[in-house]
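Student: I would like to learn how to read the features of a structure. Please take them one by one.

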Amino acid sequence: MARPSYQTFASSTPAGLGEFKSQDRVDSLPKHSRQDKSVKRKQDGRPSDADYFLLKVAAFISAIGVLCVLTYTVIGQRASSRPEYKENINGTSFLDHEKPISAFTGKKFLKHNIPFIDIPDSVIQDVYYYRWTSIQRNLRYIRPGTGYMCTEFVQPVGYAKAFGSIDAAAGHQIDESRWLRDTFYGDDYIQLYTRGPADALQYTQWILDAMSRRAMVTGDSDFLAAQLDDMVRVWHEWDQVYDDAAGLYYYQPVWDAQELSLPGFVADPNGTDWTLRKDGPLTYRPSHNAYMVANARAISRAANLARDGFREVQFSKLADDLEKAMYERMWAPEQQFFMDIIRPNNPNLTRLTGREQVGLFPYRFGIGLNESYAQPAVDSMFDPQGFLAPYGPTTLEIRDPWFMAVRPDDYCCYWNGMSWPYSTGHTLKSLAAIYHTGTTNLTAEQYHQYLQTYARTQQKDGHPYVAESHYPFLDGWSADGWNHSEHYDHSTNNDDVITGLFGIIPQQGDSLKISPIIPENWTYFALENLPYHGHMVTVLYDEYGSRYNVGSGLTVFVNGVEVHNGANKSASVPIPPPALPADALVNIAANPTGPGQYPSAEATYTNSGDFQYKAIDGVLFYDSIPDNRWTNYGSPNLNDTLTITFARPRKVSSVTLAIFSDVGRGGGVDVPARIEIHGSDGLLATVGDSSSLSPNDRNEVSFDEVETQFIAVNMYRKSSELWVGICELEVWTPAVAGPTYHAVDAYLTGQKTSVMFDHTSTATAKGAVVGGVMSDSNVAFSGIVSSGGETSLTLTYSNAGNSTVDLSVEVNQVPQTSLSLLPSQNKYVDTTATVTLATGKNYISLRGGSDYADVRLETLGVL
């Protein structure tokens with residue numbers, strides 16, 4: 001779709017485009033066609049006429065080849081870049097790091113971040129590598145200071161919460177991503193729930209437990225301890241669904257992430273109330289209550305690290321009491337299983353008689369691991385009338401009257417028989433926990449059987465693949481919506497391979513326990529460059545010593561140095577003290593909201609099926625479907641420009657382009673023949689050699705640091721039959737260190753809350769401030785780093801009204817105080833308040849405003 005408000009840069013014609021007619025070339029630079037904007041060019045934060053003139057001059061100069069007087073270009077990665085893809089990782093190189101990922105896009109991320117494996121089971125191994133691409137697709141960058149999160153669906157869904165977050169599988173996502181080398185993915189995501197706006201009460205969850213166990217992988221105990229108050233707050237959000245008399249928590253199964261499950265069918269046996277059947281009645285569930293036991297123990301551990309003895313004991317007792325109630329109320333001696341209990345009209349708390357897969361979840365959290373509880377669970381998992389199925393395990397026992405092997409209608413989500421990876425991830429962890437106790441007859445071969453069944457389930461068209469749910473007896477996905485369910489991030493797989501199959505058992509101290517669950521007939525296995533406590537760990541088992549050539553038995557390397565060799569497959573090895581990463585850079589180009597907020601995105605031409613804002617939405621994957629990109633496919637121009645405009649001038653020294661190419665799939669988009677990067681002062685860098693660009697991967701273009709209001713990326717097509725595309729444009733810079741934070745950098749919500757340009761403000765070059773501050777406004781600052789304790793806030797504002805306007809101040813989602821904005825007669829003045837900040841990164845939200853007075857916010861000082 002043509003954008004008449006933009007035209008393209010003029011420059012020389014790349015080879016293959018000579019047949020373009022002169023009228024197809026557009027020789028002037030981008031200008032807006034809307035009349036209401038044209039008279040405000042110098043005040044609206046977009047490139048001014050002078051900017052355009054400079055860009056045209058730079059483009060002309062580049063066309064005649066005089067580039068050396070302007071800058072230099074580097075394609076690659078800087079040492080401080082984020083994401084960082086350095087090859088020097090102090091690890092080992094026994095395995096092939098190229099071939100296992102050769103079929104995937106985003107190879108730089110994979111090669112830098114993932115542990116590599118070598119096992120005799122090619123099905124499990126292939127799915128392992130594929131599942132890292134599922135995580136990669138679902139990592140979304142939100143805002144500077146907020147950072148990354150994990151999405152569940154690659155395309156947003158209407159019921160998602162802040163920034164597309166859904167807490168149902170957040171525990172799985174934290175478990176899976178903890179093995180990525182870059183720790184900021186997990187740090188950011190956790191704090192979105194503990195301190196940020198994500199909703200930890202939407203679905204049942206075990207986020208606190210997952211973050212506690214993750215700290216044993218990263219070795220960053222201080223990060224966990226600093227979250228103690230936030231963890232307690234999240235815990236108490238669940239008080240409203242706690243039953244003191246029963247000693248248990250209750251929730252509708254739909255909000256336990258399992259609609260159309262057994263309680264709904266029991267409550268509505270005749271199918272007369274679809275909502276009741278689908279959502280289910282309020283139910284005490286083994287899953288939910290096990291999560292709360294685990295979350296309480298996580299808080300107790302965090303309290304221990306924070307030297308808070310009172311809360312350590314308090315939450316340990318809460319966990320013990322809840323676990324005791326689970327045994328007393330939910331364990332059914334006649335069924336030898338943890339059972340659901342419907343709450344309404346059930347004063348005696350009579351248990352259901354059907355055995356559901358949620359009854360297997362408690363074991364992974366350390367509940368029921370002695371023989372009398374664990375052996376019946378194992379028996380049910382390997383019973384063909386229980387949960388065992390060719391593409392199982394099933395979510396309800398096969399023998400149950402309400403079991404369904406196929407969906408009876410078009411509704412997506414049945415949890416009364418379908419095989420859900422979400423539940424399989426829990427079940428595999430329960431199997432591993434039971435195996436390590438040694439109290440049952442469970443064998444390593446049986447564990448491998450379950451893991452291999454899971455891998456065989458995760459297939460489509462002969463390739464590894466994961467969607468929502470799978471038929472238990474048919475080789476097909478029962479919930480796999482087009483442009484919706486692809487690469488569904490709702491479960492673990494690789495965490496189960498690492499902690500289950502390879503037996504990596506993280507420890508709090510400076511050690512690592514290795515206790516694999518490996519079939520007896522396996523003569524080798526390898527796990528290479530596993531990040532652990534900031535170090536690279538490689539585990540090799542070679543029965544005969546001929547595969548890896550480091551000797552027979554188990555050999556362990558830490559940071560490339562051999563630290564253990566022994567005949568046994570198990571070991572405990574010492575690990576150096578944790579090596580924590582340096583502060584990460586932030587991506588100032590990210591805009592999770594789209595049009596109406598900054599940074600803005602405009603293009604000289606955008607294909608009707610694409611969108612320029614998808615190039616800065618923080619979502620990065622390279623698929624044709626699902627789609628997330630900007631392309632100029634169909635453009636008549638030999639070159640087109642994608643321009644990102646900031647709310648205020650920013651200092652930058654690089655631009656990262658995730659370049660889209662589908663020519664290998666029969667499409668018409670490929671890497672550009674030439675790229676020019678422009679800023680406010682002209683041409684910044686040129687890439688003239690397309691062979692230096694990586695298709696479907698990140699490409700960093702570096703230059704001398706400049707201050708610029710915008711970044712314009714001008715891209716030339718290789719031929720008349722090929723176009724160009726960007727999946728994501730990123731600009732990584734050091735985080736704002738304070739003490740002054742610009743309001744225009746905050747995340748803005750509210751019907752009229754937006755960036756505006758006020759010539760009376762001197763805080764930025766063009767007077768960028770936040771206006772439209774009304775009763776529904778929220779100006780949310782994130783990434784405010786503090787050492788903790790009382791802090792003074794100074795807000796610089798303008799209040800054109802005649803009365804005082806009060807803004808509520810929330811710190812990490814907790815109201816603390818208010819700021820009073822006295823009338824200021826259109827002048828910018830200060831108001832102050834005192835708040836208490838937590839150690840580490842803080843969220844500070846200013847809520848409210850005036851529906852009558854013109855209130856504008858300039859800066860927030862944090863001293």
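The dialogue below goes through salt bridges, a disulfide, a sheet and a helix.

Tutor: A note on the source: this is a predicted model, in which local features need pLDDT of at least 70 and side-chain atom pairs count only at pLDDT 80 or more, while totals for chains, interfaces and linings use all residues. Residues are numbered from 1 along each chain as its sequence is written, and side-chain values use heavy atoms, with hydrogens and water left out.

Student: How many salt bridges does a search of the whole structure find?

Tutor: Side chains of opposite charge can pair when their charged atoms come close. A salt bridge here is a side-chain nitrogen of Lys or Arg within 4 Å of a carboxyl oxygen of Asp or Glu. The search of the whole structure gives 39 salt bridges. One of them joins Asp268 and Arg277, with 3.6 Å between the closest N and O atoms.

Student: Are Asp268 and Arg277 buried or exposed?

Tutor: Buried means under 20% relative accessible area, exposed over 50%, and partly exposed in between, with a 1.4 Å probe and protein chains only. Both Asp268 and Arg277 are buried.

Student: Which parts of the chain does the pair of Lys429 and Asp495 link?

Tutor: Helices (H or I, at least four residues) and strands (E, at least two) are DSSP runs, numbered from the N terminus. The side chains of Lys429 and Asp495 form a salt bridge at 3.1 Å, N to O. This pair links distant parts of the chain, with Lys429 in helix 15 and Asp495 in helix 17 (residues 494-501), 66 residues apart. Lys429 and Asp495 are both buried.

Student: Which residues form a disulfide?

Tutor: A disulfide is a pair of cysteine sulfur atoms within 2.5 Å. The whole structure has one disulfide by this search. Cys412 and Cys413 form it, with their sulfur atoms 2.2 Å apart. The angle about the S-S bond is -95°, and the link of Cys412 and Cys413 is left-handed.

Student: Why does Cys412 count as partly exposed, and why does Cys413 count as buried?

Tutor: Cys412 counts as partly exposed because its relative accessibility is 29%. Cys413 has 6% relative accessibility, so Cys413 counts as buried.

Student: What is the strand order in the open sheet of five strands?

Tutor: Two strands pair if DSSP finds at least two bridges between them. The open sheet of five strands has the order 2-17-18-19-20, and the pairing is antiparallel. Its edge strands, strand 2 (116-118) and strand 20 (561-566), each pair on one side only. On average, neighbouring strands of this sheet are turned by 15° against each other, direction ignored. Within the sheet, strand 18 (residues 535-542) and strand 19 (residues 553-558) pair in the antiparallel sense over six bridges. Val537 stands opposite Val558 in strand 19.

Student: How many residues of helix 5 are buried, and what covers them?

Tutor: Helix 5 (residues 170-177) is mostly covered, with eight of its eight residues buried. They include His172, Asp175 and Glu176. Contact means heavy atoms within 4.5 Å. Among the elements covering the buried residues of helix 5 are helix 4, helix 7 (207-218), helix 15 and helix 17.

Conventions. Axes fitted to C-alpha atoms, helices over the stretch in contact; angles between N-to-C directions.
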